[in-house]
Amino acid sequence: MDTSTPKKIMLSGIKPTGDLTLGSYLGAIKNWAERAEQFDCYYFMADLHALTIRNDPALLRRRTLEQLAQYVACGLDPAKNTLFIQSHVHQHAELGWVLNCYTMFGELSRMTQFKDKSAKNADNINGGLFTYPSLMAADILLYQPDYVPVGEDQKQHVELTRDVAQRFNNVYGPTFKVPEPYIPKVGARVMDLLDPHSKMSKSDEVGNGRVLVMEDPASIMKKFKRAVTDSESGAGCVRYDAENKPGVANLMQIYAACTGKSFEEIEREFAEAGYGVFKSAVGEAVVETLRPIREEASRLMADKSYLNELCKTGAEKAGYIANKTLRKVYKKVGLVPRVD
Ligand code: TRP
């Protein structure tokens, strides 16, 4: 008899906007590979969500595939995780509509992301921006996950998803698992190289303080050489003091994450060095950490048949589960089943 309990299910969506930064790699994605040992993981590129703002169609298409290739290159193994493109599984849009009818105008109006985004895009406050959380609830509930790993900014949406799931279950009986938000183990907290008080996360604007996973080595080195430190110099200036030396602390974090060395080891290694030598060493460690990822992502991007196959397999696996939930929902709310 098989006594092993099935793995808990985890699901997350990634919007294909902006490029992956060193910050999101060292802070989060690097740890995702090992999650697959413990959880049954689903990740999708949320291309339908990207439509709430205007996009250049060719760019959106390219970014969706690039982002998928980059996540695979960062260690998300498609054999161990279910990776797919949201629009390839039509059940998302379908359940999204149904859940729109179980999400209240008042609830959607209270979403802080809606308020922020509509303030920023005053000329395009479309219905999709408003009902975005119902589609996100559908993304989640289709797969009956136990956990949804999200950042602070998405917690409110997961709370809403729980409310919608409970409301539906109260009317129709148990249909959806009510998921928990999952606070991921934080990897390195990587800050902007020019402003060590703000986070280096995914972003559309790439300044000199942000390093991209796909960036070429020369450009990475240049950014590290310009990274802010402080006015100390000479022996002993490389030491960990997050409060008084945030620039140096950030560089030490990055170096530690890339090399696996402790802060004490780093202090010893650079005991006699000035910032110039230290910054070049951090730059080189980053270049070497990102090199295999960049090369693998480029190789995958060039291999269209591999990418097509990956998307197809992922969408089939996801679609099978999604369809089971959607059929159940359609039946419960009273839609006539289609007979083929
Ligand atoms: N809204 C998320 C973001 O902006 C992306 C997303 C869409 C998502 N659907 C999801 C995240 C489902 C978790 C689960 O980052």
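Helices are DSSP runs of H or I with at least four residues, and strands are runs of E with at least two, numbered from the N terminus. The model is predicted, with pLDDT of at least 70 needed for local features and 80 or more for side-chain atom pairs, while totals for chains, interfaces and linings use all residues. Residues are numbered from 1 along each chain as its sequence is written, and side-chain values use heavy atoms, leaving out hydrogens and water.

**View 1. Helix 13 and its kink at Leu290.** Helix 13 (residues 275-302) contains 28 residues and spans 39 Å from first to last C-alpha, close to the expected 40 Å (1.5 Å times one less than the number of residues). At Leu290, shortly before the proline Pro292, helix 13 has a kink of about 35° (the angle between axes fitted to the seven residues ending there and the seven starting there).

**View 2. The largest cavity and its lining.** A cavity is a set of points on a 1 Å grid over the protein atoms alone where a 1.4 Å probe fits but cannot get out; lining residues have an atom within 4 Å of a point. The volume, the space filled by probe spheres set on points joined across faces, edges and corners, is about 50 Å³ for the largest cavity. Its lining consists of Gln113, Phe114, Lys117, Leu129, Tyr132, Pro133 and His157. Helix 7 (112-120) and helix 8 (127-141) each give two or more residues to this lining. Four of the lining residues are nonpolar, two polar and one charged (nonpolar: Ala, Val, Leu, Ile, Met, Phe, Trp, Tyr, Cys and Pro; charged: Asp, Glu, Lys and Arg; polar: the others, Gly among them).

**View 3. The second largest cavity.** This cavity has a volume of about 40 Å³. Gly18, Asp19, Leu20, Arg63, Glu66, Gln67 and Gln70 form the lining, with one nonpolar, three polar and three charged residues.

**View 4. The aromatic pair Phe39 and Tyr147.** Rings of Phe, Tyr and Trp (its six-membered ring) pair if their centres lie within 6.5 Å; planes under 30 degrees apart are stacked, over 60 edge-to-face, and the rest tilted. Among the 18 aromatic pairs in the structure, Phe39 and Tyr147 are edge-to-face, 5.7 Å centre to centre with 80° between the planes. Phe39 lies in strand 2 (residues 39-45) and Tyr147 in strand 4 (residues 147-149), 108 residues apart. Phe39 is buried at 5% relative accessibility, whereas Tyr147 is partly exposed at 24% (buried is under 20% relative accessible area, exposed over 50%, partly exposed in between, with a 1.4 Å probe and protein chains only).

Notes
1 Å grid on protein atoms, 1.4 Å probe; cavity = no way out; pocket = protein on both sides within 12 Å on 5 of 7 lines; lining within 4 Å.
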